[in-house]
Amino acid sequence: MQLILFGAPGVGKGTQAKLLSNDLVIPHISTGDILRNAVKNKTEYGLKAKAIIDSGELVPDDIMGKIIECRLAEEDTLNGFILDGFPRTVAQAELLEKIFEEKNITNPKLVVIKSDDEIIINRLSNRRNCSQCGSIVNLLELEIKFECPHCGTKDSFVKREDDEEEVIRRRFKVYNAQTAPVLKFYEGRYEFLEVNGTQSVKQVSADIKKALGK
Ligand code: AMP
């Protein structure tokens with residue numbers, strides 16, 4: 001199964017993609033994670049991308065195109081994949097169509113996670129990553145705010161620089177201007193499966209699986 005997870009920043013695409021990836025045994029491809037790794041490893045495009053990511057803007061389409069072409073050429077994607085954070089512009093969606101054509105992929109599933117801007121802004125401001133195990137947590141949902149519920153490490157939480165409120169608001173503007181039109185591009189091409197992203201992680205996950213017939 002080829003799945004495109006669509007939705008505003010912070011709506012829960014990464015969290016849901018990880019759960020689905022485990023259940024469906026297909027890789028989770030997050031372009032945000034790929035870029036953050038490149039930044040950490042100081043690769044050529046990582047160095048170019050850092051300031052752009054920190055400002056909440058989009059990394060240029062030519063860089064993103066190369067990243068996704070390379071990733072989708074890997075063998076582990078042959079039985080399917082979950083795209084999280086790609087495509088984010090109509091140009092990226094057009095490139096993805098070409099890749100799908102080459103790979104004879106005719107019926108990708110498009111899952112749209114819907115939410116409310118203010119709810120997401122509050123959620124993102126409280127989002128943290130465990131620097132030990134990589135889990136994504138939300139401080140609002142944790143009883144013990146300094147301990148990772150997944151690996152038990154204390155004081156391991158780090159906040160993404162682009163989760164500061166000002167940057168989050170910038171990311172929303174970018175989303176509405178550049179990424180929302182991608183949905184229009186897909187209208188009439190593929191079926192949209194819509195789920196309500198304001199519910200609990202568990203419920204959103206159950207709704208996605210139901211929509212996918214899993
Ligand atoms: P994410 O983790 O998906 O929220 O992505 C974090 C940041 O990485 C975004 O705000 C962009 O700066 C950059 N990024 C991730 N995916 C893309 C993409 N498909 N196109 C352009 N920039 C991207």
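I looked up Arg-171 and found a polar side-chain atom 3.2 Å from an oxygen atom of the ligand; a polar contact is a pair of N or O atoms within 3.5 Å. The protein covers 96% of the 480 Å² of accessible area that the ligand has on its own, by the Shrake-Rupley method with a 1.4 Å probe.

I note that this is a predicted model, in which local features need pLDDT of at least 70, side-chain atom pairs count only at pLDDT 80 or more, and totals for chains, interfaces and linings use all residues. Residues are numbered from 1 along each chain as its sequence is written, and side-chain values use heavy atoms, without hydrogens and water.

I then checked two further arginines. For Arg-36, a polar side-chain atom is 2.9 Å from a ligand oxygen atom; for Arg-160, the distance from a side-chain N or O atom to a ligand oxygen atom is 3.3 Å.

I listed the shell next: 16 residues surround the ligand, and Thr-31, Arg-36, Glu-57, Gly-85 and Gln-92 are the closest (a heavy atom within 4 Å). Helix α2 (residues 31-40) gives the most to this shell, with four residues; helices are DSSP runs (H or I) of at least four residues, strands (E) of at least two.

Finally, I traced the sheet. Five strands form an open, parallel sheet in the order β2-β3-β1-β4-β8, where strands pair if DSSP finds at least two bridges between them. The edge strands are β2 (28-30) and β8 (192-196). I found three bridges between β2 and β3 (residues 81-84), with Leu-83 in β3 as the bridge partner of Ile-29.

Methods:
Polar contact = N/O pair within 3.5 Å; in protein donor to acceptor, adjacent residues only side chain to side chain.
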